[in-house]
Amino acid sequence: MGRVTLVTEPPTGTGAVSPPAPNGRLRRLWARPRWTHLVALALILVALMAVVGTGASFSADEGAAITQARSLARGDGWIVDHPLPQVDPEGAFYPLELSAQGPRGIAPFAKHPLYAVVLAGAQKVGGVNAMVALSLLGTLAAAAMGAALAARIGGPGLARPTLWAIGLASPLLFDGFLVVAHTVGAALAVAAVLVAAIAIERRRPLLAVAVGPLVATAVLFRTEALLLGVALAVVAGLLALRGSGATRLTSALVAGASLAGAGVAAVGERAWAAAILGGTAAATSGGTRGADVGYLSARLHGFVITWLRPSYNGGTVDVALVVMAAALALAVFAARRHPGDDPPVRLLAVVAATAAVVALATGPTAIVPGLLIACPLVLVGLLSSGTRTDAQPVPPASGTSATLAAGTFAGFALAVIATQYGTGGSGEWGGRYFAIGLPLLVPICLLNLRRVGRTLSAATRRVAAIALLVCVACLSTMGIAGLRHTHQFAGKLTAAVDRTARTTGDRPVIITNEPGRPRAAWATFDRQRWLLARDADDLPRLLSRLRAAGIGQVVLVSGPHSPDLSLHLEPGMRVVSNDAWAQSKKWKVVLVDLA
């Protein structure tokens, strides 16, 4: 993270994170109370909800959570039974991979029971729309509390830029439309650090105890919050060693409360899952989540994906994104190494903005997994760390807030890198396992940028600020467009399967070798009977059992990178139809007559 050198908020707008508005009206709008900015952000997020859509999901994990919540909301309980136990008594073809399994049966999303219960409540209120709205509320809460933390770190002038940066310029914008609790976890995480900072700075031991429940609740929503709770405990413990009197006591209480909250939640959640399943939970089989390589190689591979990889597309969009990142990095180095040497900074800023526009034009729906690419603000903010200015230092209280935020994120990020899958978070935007720590990081990055900005002339500062805004806008637009595209494709594929399956009668049987497809088909899952045949060689045995059970027709679903299941039919079985739309997308949705 680098050393955090703090400065007071300047009496005027000079050198602030956001340049002064060009006219009085905009300046007055910017100066309005923080809650009005939060309302404006909320309206934008709601409008984007209509753009992105809620009829399909980005990840299969969302499908597992939604399927679990719907089962609970209907009163069917946690267990989602095998659709055809008489055909598959061993459970080898159970459709929902990576579900929790125990003596009582299988639950799709028992790993975080509290989140499933909350989603079930949302389902009763407004269906999937309400579930997505819950995630958007998480983004708003993370932005609001991140702004409050920023005000303690760098003064009131840092709060509004932080609010907008978290809400629209960070991966939490993308995560706000996912039903996976990243944003809720982020809001709880920053709340824990904010309460810890206030408790230590004001020497309030009783308030320090409140850190425990906040960390515990965060852990109940997101597994990686356990690592953040430990990181917060370590940083608070170091503050206790450096402090004295009430400060030492309060810091020690924060450390103990954070550690206890994380531990109790982890143990309690495991006990809750065991109670649901009637014993120790085991996961149903699924694909590997990491490369079959050594520990260090897997760590490096995961880091490259979640911090540095431009996109999953390759080609021109990757080149453009790398050029953008390189130009931004060089601009920061130029500003730090040669203060006042403005032309290189302006040139590099223009190159970065141009590259971002090219990336958006050539890959408008590309998904960017690397955090430093998906969030240019974090890239330049981290590279700006440690910049000195001649401004007077801030009071020690703000230094404590900055230390807690920066230190907790640093420890948390290192812990995630050391423990995440070798493939990162699979399909993701901006390193999803780091998302809950972003409200801690963004204020630090903005503070660093403010200091670097003061080394530049006013004209160069304007060019650099506009260029960074262009980069951020392009990446945020790409994220929203990528979500919309993914949702639309997933919805059309689900519709193609359903269209084909309906011709077979009630509760059609659908077999796929795409592990995530049954979870992604949550919209139609309850009226269908899915089976997952990971190995195409197992298909003849399964089809024979289905025919013996009196099932005359099935639908076979194969992806573009999976073996064509229709090539594994037994003699006498024939293909009746092949969905044209799916075939045009290199998917195979095939109706097969088993008679």
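Predicted model: local features only at pLDDT ≥ 70, side-chain atom pairs only at ≥ 80, totals over all residues.
Which order do the three strands of the open sheet have?

Residues are numbered from 1 along each chain as its sequence is written, and side-chain values use heavy atoms, with hydrogens and water left out.

**View 1. The open sheet has the order β2-β1-β3, with antiparallel pairing.** Strands (E, at least two residues) and helices (H or I, at least four) are DSSP runs, numbered from the N terminus; two strands pair if DSSP finds at least two bridges between them. The edges are β2 (105–107) and β3 (282–283), and each has a single partner strand, so one side of each lacks a neighbour in the sheet. Strand β1 (residues 100–102) is joined to β3 by two bridges. Ala100 lies opposite Ala283 in β3.

View 2. A disulfide is a pair of cysteine sulfur atoms within 2.5 Å. The closest cysteine sulfur to that of Cys445 belongs to Cys375 and is 7.4 Å away, too far for a bond. For Cys474, the nearest cysteine sulfur is that of Cys471, at 6.8 Å. Buried means under 20% relative accessible area, exposed over 50%, and partly exposed in between (1.4 Å probe, protein chains only). Cys445 is buried at 1%, and Cys474 is buried at 7%.

**View 3. Asp537 sits in the loop between β5 (529–532) and α21 (539–548).** Asp537 is exposed, because its relative accessibility is 56%. Its C-alpha atom is separated by 24 Å from that of Ala520, 17 residues apart along the chain.
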